[in-house]
Amino acid sequence: MFLYLVKRLLRSVITLFIILTVVFVLVRQMPISGYFPNYEKMSEAQIKNGLHEMKLDLPMHEQLFYFYKDLLTKGDLGMSRIYRNNVPVAEILAPKIPISIKLGSLSLLVALLFGLPLGVIMARNKGKFLDQLGTGYIVVIEAVPAAVYYLFIQLFGTELLGMPLINSPGTFTTSGNTAAWILPVLSMSLGNTAYYAMWIRRYVVDESRKDYVTLARMKGMSSGKILSRHVFRNAFVPMIQYIPTSFLNTVIGSIYIESLYGVPGMGGLLVDVVKRQDNAMVLGIVLLYACVGIIGLIFGDILMVTLDPRISLTKRGGNR
Amino acid sequence: MKHASVDRLEKSLSVTLEEMLASPHAFEPAVFSEQDVERTGMSNYSYWRSTFIAFRKRTFAMFLLCLVLTILVFTFVQPHLPGQYDPVLVNNNEMGLPLKNQQPNETFLMGTNNIGQDIWARLWAGTRTSLTIGISVAVIEAIIGIFIGVLWGYIRKLDFILTEAYNVLDNIPTTLVLILVSFIMRPGMQTIIFALSLTGWIGMARFIRNQIIIIRDRDYNIASRCLGTGAFRIILRNLLPYLVSVIMLRMALSIPGAIGSEVFVTYIGLGLPATIPSLGNLINTGRSLMMSPNLRYQLIYPTILLSIVTISFYVIGNAFSDAADPKNHT
Amino acid sequence: MRDIILSIQNLNVKFSLRGKTLHAIRDVSLDVYRAESLAIVGESGSGKSVLNKNLVGLLDPNGRIDSGDILYYKKASSASRTTDESVRAESCVNLARLKKEKDWLPIRGREICMIPQDPMTSLNPLKTIGAQLYETVKLHHGMNARQTKEACLSILNDVRIDLPEKRYYQYPHELSGGMRQRIAIAIAIACRPRILICDEPTTALDVTIQAQVLTLLKEIKDKYHLTILFITHDLGVVANIAERVAVMYAGDIVEIGTVDDIFYTPAHPYTWALLSSLPQLCSRGEPLLAIKGTPPSLFKEIQGDPFALRNPNALNIDHMFMPPYYKISDTHQARSWLLDPRAPKVSMPAVIDKIKHLGGTADAV
């Protein structure tokens, strides 16, 4: 188990390294105007001086070296130049992280609370009205771009709840003002709810057909008990592999939702700095999001191992 | 000699058991026909015909298929119809002022937008753009994905390297790639298609690889290899036809995905320039106006069309994959 | 008169499949005697599995009992012949009339239990052997935790599991196929059923393990006074363990008799064909006999004897009317016009005679 974790972490570090390097190199291809808030008014010499100051005139591999050196030794992600002039990226991001985490984890929680029961109910009524209703929901959520239905939830949700369409700054904090969180969390959970419902339905249906369920029924066990003691758990284990994906979905969702509702998290910020071409900020936020995605993957793997005795991580494969 | 089954048919018409028992021929040996024996379990089965029949039974999917085809054809026909406006033309009134935010009326079927362009024309031009993006991405994804997936699955030496590469690539959130590529490259159709194809093939390749590994070592393929069939021929003749239905399902599903991504990229300001109407552009313009309820038509029309298109592809894809499953064939 | 535990009477089972009706069980009648072991043989699709699924109420949702009864006698069937209605109702259940899950719960497990075919999938992979057995014992016998565990261990002992204490805490994937089949049997007998249905109990196992499992089944049959129904297409299993054999073809029982009846004096052409295709009977250099063609489609109404088309000895009447059962001896009857006194004398293929020479008993098959 320990060995596995080490290997897993190592692989994640390599992944992160590759992502960061690629992103770093890509961002450096950007026009240099992205580093100066008042590029037009600057003289040649000023620009050259500025580039030198930021080590941007060095060859790529040296730039990369300094970037990693600063990141690893000082946790320094560089300076924001345009979004806020000469403020460390880390300093800007720090207060935003807890807000994004709150939004993300609340929406995941809501998705699990609704998605799992929905999927189980659908599986148990397979082919009947409830199943078709649920399938309709899943089709709409999966097929229609989130970008579109988020808008409608915002449009009609705010009207319904009597809330302002645009939230004033300071609405979203890590504590308090619960009402304001309802719509963002709900919107963001819709996708994952559909996702969970779809997969748990499929797995419950699959598992219900297995021989061990037949044997359990042969024992004279009621179907309710079989569901809770055998089927649900067995259906849930393969579901775990979708948790990383839902983390990634959450990332996507949060970028959009935060910017729609003016939630002061990282997602809204990313949209902002992309529009304003603040290279250092883009790099910093991408790094954070990549980390979230990778932590999700590791988390999913570990959960899978603890719940499924068949998967042995120290040995290759295991007997399935 | 009379064919046994014909003989039987003639006799069966009216005879009762009593009559039969009384008949002197009742206990005579019947003609044994080898042909008849073999016929008992045979049926004339054709895979694609059965798939088509199974698909046709799904009336809703069939309806959506017709709808999507109509929409697709109409996007190309629409500009050539009489009395249509140019989608990028700013319409001015007699005084030379732009006809901004006109409610839907007789001249402008769906009204005009905030700078006076005809929404009806923009809607169809936008649908054309979005469908082009979606279909291009689906095709590119399929080509790259199938190519790499086949290599990955069929050539054992490549498996380790490609699997490790996959583990890294799959961990990269696609949205971030999308954002970065659009951020770095000049906004435009090519950029969006490139950015979406850049990540989309990974899933397809992985999927093809898994399928190929499952069927690669099935007995009929081993037999085929033993008979000296070349790898290329096995892939082309034995493996890919088996995967056609699932490949088509994935392609159908990546179309709504690509259309959605375009909307998303446009929203964060990295999408197509305003000169190229797209559903993303239209929705984004509509969104900025949704504060005023009487202008919401500018948001609602494009979203309705977009939802119809994406849901249709999704439903058609799933219905097709069900229909292509021999288990659902009669 | 032997004591009947289960009596299937004129059972018809139909399935609706893609808008068509499949007549899977066609007017089957069968009596099962208490504490006997009866094998139901037939090729795939002959309806043997469907027949048995009816006994435990596990018919697929698209299937239904069209007509007929399945009478299950809890107590000696003589009791059910009394005029006392209440005694009768209590001791006899018509399984064909049970619809709801609630009605089935008291039957499944404690009266009739079935072991699924594949031991690799019949245990929950995510639960320990102990947990699955414990749950079963707990369900049927109100005992405290310690007693329950002891009962589990003793059952594991009964099914010849070595190191039961260790196995108790292992997961199914840590055990071999034969061992898993024993665990499945252990779970089944933990319910203390009266009838045990084994669906292809050895098909998925190695040949060496097969014999062990069959021996085990014989042992527990005696120890727990079980009535065992075997569903199989393996005539070796039949010869090995069954006392009586029912041969099924196209949803009907075409011949039924003791093992000796079926192996030494088979009367139905289908049984002949089945026995002739035994590899053991094949002489070196001769092609193995195979039955030509496939069983008739049960979607269509079958006219006459369903085997007629594949039967080289078919008579004219076979193609038109279903033969009745002809009684050959007290234990043996078959459904074939060839047994009619008016029919021409057709003797069974000579190759079947070789069974006698394979050994003193049918065991050698």
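Two residues count as in contact if their C-beta atoms, placed from the backbone, lie within 7 Å. Keep that in mind for the views below, which all come from a predicted model.

**View 1. Chain C as a whole.** Take contacts in chain C between residues at least 6 apart in sequence: 65% of them join residues at least 24 apart. Chain C is built with 13 helices and 12 strands. Its C-alpha trace spans about 70 × 55 × 45 Å along the principal axes. A compact globule of 365 residues would have a radius of gyration near 21 Å, so the 22 Å of chain C agrees with that. How much of chain C is buried? Buried residues make up 46% of its 365 residues.

**View 2. Where chain A touches chain B.** Here 36 residues of chain A are in contact with 31 residues of chain B. On the chain A side, the elements giving two or more residues include α1 (2–28), α6 (129–143) and α13 (279–307) of chain A. Sort that side by class and you get 30 nonpolar, 3 polar and 3 charged residues.

**View 3. Two helices crossing in chain B.** Two packed helices are described by the angle between their axes and the distance between the axes. The axes of α12 (residues 279–288) and α13 (residues 297–324) of chain B come within 7 Å and cross at roughly 145°. The crossing of α12(B) past α13(B) is left-handed.

**View 4. The residues at that crossing.** From α12(B), look for B:L279, B:L282, B:I283, B:T285, B:G286 and B:R287; they meet B:Q298, B:L299, B:P302, B:T303 and B:L306 in α13(B). By class, this contact has 6 nonpolar, 4 polar and 1 charged residues.

Terms used
Residues are numbered from 1 along each chain as its sequence is written. Chains are lettered from A and ligands numbered from 1 in the order in which they are written. This is a predicted model: local features need pLDDT of at least 70, side-chain atom pairs count only at pLDDT 80 or more; totals for chains, interfaces and linings use all residues. Helices (H or I, at least four residues) and strands (E, at least two) are DSSP runs, numbered from the N terminus. Ala, Val, Leu, Ile, Met, Phe, Trp, Tyr, Cys and Pro count as nonpolar, Asp, Glu, Lys and Arg as charged, and the others, Gly among them, as polar. Axes are lines fitted to C-alpha atoms, for helices over the stretch in contact, and angles run from 0 to 180 degrees between N-to-C directions. A crossing is left-handed if the near helix is turned anticlockwise from the far one by less than a right angle, and right-handed if clockwise. The radius of gyration is taken over C-alpha atoms; the globule rule is 2.2 Å times the number of residues to the power 0.38. A residue is buried if 20 or more other C-beta atoms lie within 10 Å of its own, exposed if 12 or fewer, and partly exposed in between; C-beta atoms are placed from the backbone.
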